[in-house]
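Dear colleague,

I am passing on the structure below, and I would be glad if you could look through it with the notes that follow.

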Number of protein chains: 2
Amino acid sequence: MPQTVRAEVITIGDEILFGQIIDTNTQWISTELTTLGIRTIRKTSVGDTTDVILDALREAAARADVIIITGGLGPTKDDITKKTLCQYFGVGMVRNQQALDLVTSFFEKRGREMTDLNREQADLPENAEYIQNDWGTAPGMWFDEADTVYISLPGVPFEMKSLMTNRMLPKLKNRFDLPVIRHKMIRTIGVGESFLAEKIEAWEDALPPHIRLAYLPSFGQVKLRLTASGADNEQLGRELDAEVAKIMPLIEANVYGFDGDEIENVVIKLLKEKNLVLGVAESCTGGQVAATLTKVPGVSAVFAGGVVAYSNEVKHIALGVNPDTLAEFGAVSEPTVCEMAEGVRVMLGTDVGIATSGVAGPDGGTPDKPVGTVWIACATDYGTVAKLLKLGQYREQNITLTTNYVLELLRQQLK
Amino acid sequence: MPQTVRAEVITIGDEILFGQIIDTNTQWISTELTTLGIRTIRKTSVGDTTDVILDALREAAARADVIIITGGLGPTKDDITKKTLCQYFGVGMVRNQQALDLVTSFFEKRGREMTDLNREQADLPENAEYIQNDWGTAPGMWFDEADTVYISLPGVPFEMKSLMTNRMLPKLKNRFDLPVIRHKMIRTIGVGESFLAEKIEAWEDALPPHIRLAYLPSFGQVKLRLTASGADNEQLGRELDAEVAKIMPLIEANVYGFDGDEIENVVIKLLKEKNLVLGVAESCTGGQVAATLTKVPGVSAVFAGGVVAYSNEVKHIALGVNPDTLAEFGAVSEPTVCEMAEGVRVMLGTDVGIATSGVAGPDGGTPDKPVGTVWIACATDYGTVAKLLKLGQYREQNITLTTNYVLELLRQQLK
């Protein structure tokens with residue numbers, strides 16, 4: 001019977017507290033721990049202050065089986081993690097010959113002179129197990145005291161990740177009898193979190209206790225994350241697949257992908273399968289649809305390019321939109337967005353054309369076309385479909401929402 | 001005599017603990033608090049579990065004057081912040097009419113159906129001061145209990161930032177007698193952090209103790225942030241201006257703006273002053289230059305549009321690049337990028353044209369044009385200038401760097 005192992009991550013450093021840098025270490029660490037079957041129950045960031053670090057350690061020790069500490073191992077005055085750990089464990093500091101040799105060779109290799117501060121990097125708390133860091137001068141440390149494992153790592157992401165991947169994670173795997181954790185992500189678009197929740201309420205309530213559900217909403221999308229924990233990897237996989245099979249009929253129309261599939265990757269994959277080339281005509285999204293697609297490596301096989309037709313002149317010159325259409329219906333209208341989608345197909349000679357035209361805001365709204373009024377269209381050999389979106393008041397949000405929705409419209413047409 | 005106000009930030013949500021998403025909220029929040037003169041002493045992330053949240057609140061209350069809680073306010077089962085706050089304060093839940101009206105109109109505007117779960121979003125702990133959220137359906141909440149201020153915010157970054165900026169930060173400013181903190185940001189581009197540090201070393205060493213300097217590097221830019229603290233707002237302003245006057249001669253060539261000026265805002269301002277209209281021709285940036293410009297409201301006055309010429313065909317059809325040029329020099333070359341910049345001027349009839357063409361990676365590199373080889377150009381009535389960039393291995397980074405550098409090239413030409 002595997003243990004439930006709980007971990008806490010403590011990040012040390014003023015630069016994180018004051019918002020100087022974004023801490024990406026803890027996100028990476030908890031992802032790795034989750035994959036290993038260790039449950040992160042808390043993350044804490046504290047400054048370079050002894051008392052605060054001691055408090056954080058004591059509190060964490062009362063709750064967690066594994067405590068991972070990053071930062072505060074550099075050679076400068078404000079790096080106090082090691083001294084603080086000595087105080088916490090009530091032990092002295094000893095110089096570690098293996099660590100000293102490593103630091104020495106590190107400096108010799110780079111032809112740099114070594115200072116006493118550098119030598120002190122080889123000093124460790126007496127009760128520390130020295131874990132060699134081949135990627136920098138700060139040592140990794142492992143403590144196993146009173147059934148709690150303490151891991152101390154440098155804050156430099158590259159050194160931290162290398163030490164974790166190559167040294168600490170394997171040691172944790174041996175130290176504990178861990179459960180298996182599996183995730184399954186179902187990606188939906190165009191349906192609200194609460195509406196979705198009502199649709200799947202009965203299914204959600206019937207989930208077995210070892211499978212948990214989380215809703216992750218962002219810009220018109222809601223990701224449903226299933227987390228299953230147990231002993232048998234295969235069985236968990238089968239159980240997750242069974243739950244997905246049960247829920248799909250309820251939400252199928254809004255599901256665009258699973259796990260790591262972003263909407264842009266899904267449409268690019270569909271275009272490749274069908275051997276179609278896409279062209280994009282953008283007004284209110286101003287290039288973001290094209291930019292989102294071209295973030296994906298290898299997109300050039302199915303994406304010829306696009307036109308950002310911000311002014312009406314460009315809509316006419318570069319997309320062939322009829323000036324009478326613009327005059328009669330305006331730029332934000334079904335006829336215009338359809339002519340844009342069809343125009344980009346003709347102008348760039350692509351198989352498929354998608355288009356956006358709307359009032360992104362904050363200005364430009366009218367009583368009949370308020371800010372957030374957006375038309376999107378998709379033109380193929382089978383004809384042109386357009387859709388009206390009623391979005392909010394915020395420019396950047398409207399641009400991102402429109403980008404997601406026009407890619408979803410394209411996906412619907414390609415299916 | 002101003003108070004020292006200490007804040008703690010508590011982030012609620014399994015998705016952060018499990019590493020599903022990177023928490024950028026707390027970094028943003030502590031930056032804003034620092035600006036206000038409030039010192040963040042600890043950040044904590046906990047899961048969607050009542051007991052753990054209660055512990056975190058009690059611990060924080062023992063140390064901090066301000067506790068900012070983000071997340072767990074959505075309409076679904078795993079959002080338990082409000083219930084937990086009721087338990088923490090020992091109060092009941094009441095439906096807030098103002099909040100209900102807001103949620104109702106939010107759904108009416110979007111023509112979406114409202115559910116009981118949505119109505120429940122208007123339920124607040126009895127002792128909460130309702131803070132209107134105009135950016136979403138989750139309410140903001142302010143509690144002032146036993147000399148501690150508790151602020152509850154939604155986890156969606158856009159809603160959180162809007163609520164903080166427009167509602168909570170002003171309230172905090174009134175609630176406490178804070179020291180005066182003034183910032184001055186000097187924005188540089190195209191020069192490395194260490195190179196910059198050497199140029200300004202003497203100036204930096206001579207800074208008075210109450211003025212601190214921070215280097216904030218990002219994608220080819222380095223922002224120098226000066227933070228002055230004291231009692232007299234006017235005097236701090238004069239001192240900061242004096243320091244800027246001293247440093248400018250050392251770095252002038254690389255300074256594109258101050259404080260909130262992004263490079264795109266600076267070039268748009270210059271275009272408006274000179275009454276010029278811009279067109280953009282993008283290959284490797286795939287639309288990001290246009291998208292970056294169109295994020296700025298009112299850009300349509302100086303931005304006609306652009307062409308994302310991903311394939312060589314589109315470079316010829318839509319930009320008039322000579323097929324012989326493409327055949328002889330290739331797409332990633334000075335002649336091609338110049339013809340693109342000149343072509344977009346002609347095709348879209350704009351005053352100025354800028355263009356990008358390069359190997360973004362990960363594939364497509366050759367011995368003489370490795371990944372990271374990028375040409376940028378700017379064409380005006382005074383002629384066309386091109387520049388070769390040698391960037392790194394990473395696609396998204398190369399796209400963002402190229403976007404910044406081509407906007408800087410445009411700025412240089414407009415000056």
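In this predicted model, the side chain of A:Thr356 makes a polar contact, at 2.8 Å, with the side chain of A:Thr285. A:Thr356 belongs to strand β15 of chain A, which covers residues 352–358, and it counts as buried because its relative accessible area is 1%, where the cut-off is under 20%. Once neighbours within four places in sequence are set aside, the residues in contact with A:Thr356 include A:Ser283, A:Cys284 and A:Thr285, together with A:Val337, A:Met340, A:Trp375 and A:Thr402.

The other topic is an open sheet of 12 strands with mixed pairing, whose order is β6(A)-β7(A)-β8(A)-β3(A)-β1(A)-β2(A)-β2(B)-β1(B)-β3(B)-β8(B)-β7(B)-β6(B). Its edge strands are β6 (129–131) of chain A and β6 (129–131) of chain B, each of which pairs on one side only. On average, and with direction ignored, neighbouring strands of this sheet are turned by 15° against each other.

Within chain B, strand β3 (residues 66–70) pairs with strand β8 (residues 148–153) in the parallel sense over 5 bridges, and there B:Ile67 stands opposite B:Tyr150 of β8(B). On the chain A side, helix α2 (residues 25–36) packs on the sheet and touches β1 (6–12), β2 (39–46) and β3 (66–70) of chain A, with a direction that makes about 165° with that of β2(A). Helix α4 of chain A (residues 81–89) lies across β1, β3, β7 (140–145) and β8 (148–153) of chain A, and runs at about 10° to β7(A).

Methods. Residues are numbered from 1 along each chain as its sequence is written. Chains are lettered from A and ligands numbered from 1 in the order in which they are written. This is a predicted model: local features need pLDDT of at least 70, side-chain atom pairs count only at pLDDT 80 or more; totals for chains, interfaces and linings use all residues. Side-chain values use heavy atoms; hydrogens and water are left out. Helices (H or I, at least four residues) and strands (E, at least two) are DSSP runs, numbered from the N terminus. Buried means under 20% relative accessible area, exposed over 50%, partly exposed in between (1.4 Å probe, protein chains only). A polar contact is a pair of N or O atoms within 3.5 Å; within protein, one must be able to donate a hydrogen and the other to accept it, and residues adjacent in sequence count only if both atoms are side-chain atoms. Contact means heavy atoms within 4.5 Å. Two strands pair if DSSP finds at least two bridges between them. Axes are lines fitted to C-alpha atoms, for helices over the stretch in contact, and angles run from 0 to 180 degrees between N-to-C directions.
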